[in-house]
Amino acid sequence: MATDGWDTPAGRRVRMQCFRRDRDNNAKCRWCPDPIDYSLGPYTRGGNVWAWSPEHVKPRSLYPHLALDPSNIVAAHFHCNAARGTKAGIDELGTPSEDF
Ligand SMILES: [Zn+2]
């Protein structure tokens, strides 16, 4: 399963790196116009669903070699990320993900 390194110490470092980057830039959620409250810290399981979470522009399932590439990771509320994620399995089959 975890062949892309996301659930490893290296992956956690990349997550923190992206969190700090997005906090310093006050980055917006990829999916909605609401601001992200960076004082909540990165989302943790069972935490505030409006906290920052890392969103892969190119999905890990299709681009495992980009899983730890900070340039492939943007900010999103966990709430938005999760809502999107359940649908992504279908979208990813045929529709190319949007590029910014
Ligand atoms: Zn959002």
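Guide: A salt bridge is a side-chain nitrogen of Lys or Arg within 4 Å of a carboxyl oxygen of Asp or Glu. The model here is predicted, so local features need pLDDT of at least 70 and side-chain atom pairs count only at pLDDT 80 or more, while totals for chains, interfaces and linings use all residues. Residues are numbered from 1 along each chain as its sequence is written, and side-chain values use heavy atoms, with hydrogens and water left out.

Visitor: Why is the contact of Asp4 and Arg60 called a salt bridge?

Guide: The N to O distance between these side chains is 3.4 Å. The limit is 4 Å, so the pair of Asp4 and Arg60 counts. Asp4 lies in the segment before helix H1 (9-25) and Arg60 in the loop between strand S1 (52-56) and strand S2 (73-77), 56 residues apart. Helices (H or I, at least four residues) and strands (E, at least two) are DSSP runs, numbered from the N terminus.

Visitor: What makes Arg30 and Glu55 a salt bridge?

Guide: The closest N and O atoms of Arg30 and Glu55 are 2.9 Å apart. Arg30 is in the loop between H1 and S1, and Glu55 is in strand S1, 25 residues away. Both residues are buried. The structure holds 4 salt bridges.

Visitor: How do you know which atoms hold the zinc ion?

Guide: Donors are N, O and S atoms within 2.8 Å of the metal (3.2 Å for Na, K and Ca); water is not among the atoms, so sites may look incomplete. Cys29 (SG), Cys32 (SG), His77 (ND1) and Cys80 (SG) coordinate the zinc ion at 2.0 to 2.3 Å. Their spacing in sequence is C-x2-C-x44-H-x2-C.

Visitor: Why is the site of the zinc ion called tetrahedral?

Guide: Four donors count as tetrahedral if all angles lie between 85 and 135 degrees. The angles among the 4 donor atoms are 100 to 119°, so the site is tetrahedral.

Key:
Buried means under 20% relative accessible area, exposed over 50%, partly exposed in between (1.4 Å probe, protein chains only). Four donors count as tetrahedral if all angles lie between 85 and 135 degrees; four count as square planar and six as octahedral if opposite donors are over 155 degrees apart and all others between 65 and 115; anything else is irregular.
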